[in-house]
Amino acid sequence: MADSPDLNRAPWRTHDWDKLPKPRLSISEVAELFSVEEYTLRYWEQETKLSPKRFPTSGARWYGKDDLLLIEKIYYLVERKGLTMKGVNRVLERPDLDAELEIRDRLLSLRGKLTDLRDKLDALMDK
């Protein structure tokens, strides 16, 4: 399994769907984006309100924008905050979760800008 995703640079962070390969992603593509195993996504589907669309003939899962946003929340709560699935479900019901994630997004963006400024200053100092 690969390292944890850089949520600050992931294409869905800015909801820019032009950067995603297609509007609906397979379970393997989503697993790769989030650096998790496919069985993890299937487990999250069983334990939370995650419910990707399925093709009627094959039963294959296809994840859209809303699914990716929910997976991102679940990932954050499990991997970053260390919550159990019971805790994740409680937190997902909180009305302030989106506000908390919005603040986190803004802080990540600010951190990226500060890092860029520091790199530019270091380059100027080296000249």
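## Glu-45, tucked away

Glu-45 is buried, with a relative accessible area of 16% (buried means under 20%, exposed over 50% and partly exposed in between, using a 1.4 Å probe and protein chains only). This residue is found in helix 2. Leaving out residues up to four places away in sequence, Glu-45 touches Leu-50, Pro-52, Arg-54, Arg-61 and Tyr-63, where a contact means heavy atoms within 4.5 Å.

A quick note on where the numbers come from: this is a predicted model, so local features need pLDDT of at least 70 and side-chain atom pairs count only at pLDDT 80 or more, while totals for chains, interfaces and linings use all residues. Side-chain values use heavy atoms, with hydrogens and water left out, and residues are numbered from 1 along each chain as its sequence is written.

## The overall layout

The protein chain has five helices and three strands, and from the N terminus on they run β-α-α-β-β-α-α-α. Both kinds of element are DSSP runs numbered from the N terminus: helices are H or I with at least four residues, strands are E with at least two.

Of the 127 residues in the protein chain, 35% count as buried. Take the contacts between residues at least 6 apart in sequence, and 56% of them join residues at least 24 apart. The accessible surface comes to about 8,600 Å², and carbon and sulfur atoms own 52% of that (Shrake-Rupley method, 1.4 Å probe; for residues, only the protein chains shown count as cover).

## One side of helix 1

Which residues of helix 1 are buried? In this helix, residues 27-34, they are Ile-27, Val-30, Ala-31 and Phe-34. They cover an arc of only 100 degrees around the axis, which puts them on the same side of helix 1; the arc is taken from the directions from the helix axis to the C-beta atoms. In general, an α-helix has 3.6 residues a turn, so residues three or four places apart point the same way.

The cover over these buried residues includes strand 1 (25-26), helix 2 (38-47), strand 3 (61-63) and helix 3 (65-80). After helix 1 comes Ser-35, with a positive phi near 55 degrees.

## The aromatic pair

The structure holds one aromatic pair. The ring centres of Phe-34 and Tyr-75 are 6.1 Å apart and the planes sit at 45 degrees, so the pair is tilted. For the cut-offs, rings of Phe, Tyr and Trp (its six-membered ring) pair if their centres lie within 6.5 Å, with planes under 30 degrees apart stacked, over 60 edge-to-face and the rest tilted.

Phe-34 lies in helix 1 and Tyr-75 in helix 3, so the pair ties together parts 41 residues apart in sequence. Both Phe-34 and Tyr-75 are buried.
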